[in-house]
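Thanks for coming, everyone. Please take a look at the model on the screen, and then I'll walk you through it.

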Amino acid sequence: MMKKQSLTKTMNPGVYFLINYAVPIIFITLVGFAIPLSGLSGEYFIRELTIRLSRNSFLILALLIPVMAGMGMNFGIVLGAMAGEIGLIFITDWRIIGLPGMLLAMLISTPIAVLLGYFGGIVLNRAKGREMVTGFMLAFFMNGIYQLVVLYGMGNIIPISNSSILLPRGYGIRNAISLLGIRQVLDKLIPLEIGGILIPVASILVIAILCVFIIWFRKTKLGQEIRTVGQDNDVARTLGIDVGRTRILSIVISTVLACYGQIIFLQNIGTMNTYNSHTQVGVFAVAALLVGGASVAKANIPNVFIGVILFHTMFVVSPRAGKELIGQAQLGEYFRVFVSYGVIAFSLALYTWKKRIEKENERKKAMAFKMGVLVK
Amino acid sequence: MKKKIQNIIENFGLPRIIIFLFLVLLFILTPFVGVRFDTSVNDVIVRFSMNGILVLSLVPMVKSGCGLNFGLQLGIIAGLLGAVISIEMETIGFAGFFTAIGIAIFFAVVFGLLYGLLLNKVKGDEMVVATYVGFSSVSFMCIMWLMLPFKSPNMIWAYGGSGLRTTINTKGYWFHILTDFFQINIGSHIVFPTGTILFFVLLTFLVWAFFRTKMGTAMTAVGSNTDYAKFCGINVDKMRVISVILSTVIAAIGIIVYQESFGFIQLYMAPLYMAFPAIAALLLGGASVGKASIKNVVIGAFLFQGILTMTPSVINNIIKSDMSESIRIVVSNGMIVYALTRIMRAR
């Protein structure tokens, strides 16, 4: 027990670094092996990563604010994704294409996202200490409600005029909707090609703006309040901050950002899987963030980008590597899923274990100080 | 009188009462919508017997303070391994059934031990870690199912020749081995699954008896008041690990019973979300994150399976469309969210 105690406090910084960044280090090693194994070319990687960075970063950036507020990994971004999809369903129904279409989708889904975020915030407030599990289950629950609305309500109670997106029975949206009208509308807004690779300048610009926004937001009054709440609820309360309201606000912001993020994601892909596009959003975003070196209590912008690069490289590489190694590409697919879930399990376990040891250390120090053994 | 009703509502929770009344309503509606009342009751009883043991498996961990077992999949995987190996060994009938259980218990103890040790390191956040450990283990087993050297022609892919199929039929091995045991036929429509129910009652009795033993009481003490338990000299960590092993073993048995009744062994991604219905059922029966009893298991499993069975048949006949899947998702996950947001009194 003595040995474990001194593990995080008085050991040399090298080991401390290794434990803190265990996840990205393990990942880099894994990926380092898998890349040459897969036999994919460097150009392929650059192209894939450019697309994936511009496509996924917005969503993952949405996770940062709840971490600041001390609420851990917000699996509730799925709710924001659902709001975005509802907006997209409507603009497809009204056949509005191009950039105006995408912007209109964002406009319509914003109030829905705010509502869902507000609901999510209230629920999470009532589950203090268990936000992550609750957020996770809430996402599943909302998925059921989403299904009721989209699979039964639309075309029935909610008028849908474009019959091409309805199921043959007359109501309920089809499994897959083509978003051809707004496909890559943001990506190709400012066309730029370098060496045969399309660079989605506008999307990257939008992501950059979001990063600047987050950095600025941290310094605003609300941002400071959120950070104080994240540090210590009681201290925040004595400072006069309405802890509950602040937490709800952080979830609302996160949900709205996730809503836009999902729309950006889908405009790049060009098709929407009505019932499946949003289900994995939470898990993959959280896994990517954790792979980038973030933890439940601390996440910053570099974590997002490092995470996307590492996580998505693994994603691209696994099926091929699986095929070369064992002869079955299917193995690679399962390996991908295993790694995504495994990363989260491992990071969470590591984080909780560390937190407990630090708490133990603090307690022992406080007790020793009280007993006059340790002079502070 | 009003105060009394208010008290009952507060104690049981409004959602539970709503769901109970909803179920009663569904049963009342059956003759009016062209659904046979007796077959409905029969279906509910059969499904109850199939799923009951899985719900029962959650109790030891809740009692010892480890929270709701979101990592139920580990026990399920142990059970799957037992089932698949017993078929590989070509054992049939009761011999096959008990071989499956025996092998499953072996794996369940190993998994439970590792799982329990892990949970001890993450006290306070068990549920989140458990969820992802459960998910990653299911995905990991997907890789294993493809790679392990199974040969039985009933289980591997027809053309490729290597790797197990997604679903494996238990017919001819131990399909319905319990269900048909002393089967009671009431009328032409009701087939009472005596064997399965007896087995469930047996296991329930064993669990109930266990918690009356010294070790069982110690386990409950660990869950309700850790410091007091430590003060009494109980090894908290050891008790928690034992509770996890117990839960995993019961879950392994549970999935085998489920398979003998259902008729299929489902591999690969099927077990991924299997923890949630069991947890929802337990919570529906009145349990909470820190408290669970046999009563919760029985009531909860019955209510939950009741909703699952009755909603499709009744509502589909009324609205002429299949909303059952979505309603199931809303009810089971909503129950869990509700339970997670109930303020815990003392931990």
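Buried area is the accessible area, taken with a 1.4 Å probe, that two parts lose on being put together, summed over both. Between chain B and chain A, that area is about 3,700 Å². Carbon and sulfur atoms give 72% of it. On the chain B side, K121(B), Y132(B) and L340(B) lose the most area to chain A, together 17% of what that side buries.

A word on the basis. This is a predicted model: local features need pLDDT of at least 70, side-chain atom pairs count only at pLDDT 80 or more, and totals for chains, interfaces and linings use all residues. Residues are numbered from 1 along each chain as its sequence is written, chains are lettered from A in the order written, and side-chain values use heavy atoms, without hydrogens or water.

Now, who takes part? Contact means heavy atoms within 4.5 Å. The contact takes 44 residues from chain B and 40 residues from chain A.

Next, one residue, F70(B). Leaving aside neighbours within four places in sequence, F70(B) is in contact with residues of both chains, including V133(A), M137(A), Y115(B) and I336(B).

F70(B) also belongs to the largest nonpolar core, which has 232 residues. Such a core is a set of buried Ala, Val, Leu, Ile, Met, Phe, Trp, Tyr and Cys residues joined through side-chain atoms within 4.5 Å. Buried means under 20% relative accessible area, with a 1.4 Å probe and protein chains only. F70(B), I173(A), Y132(B) and L282(B) have the most contacts inside that core.

How values were computed
Buried means under 20% relative accessible area, exposed over 50%, partly exposed in between (1.4 Å probe, protein chains only).
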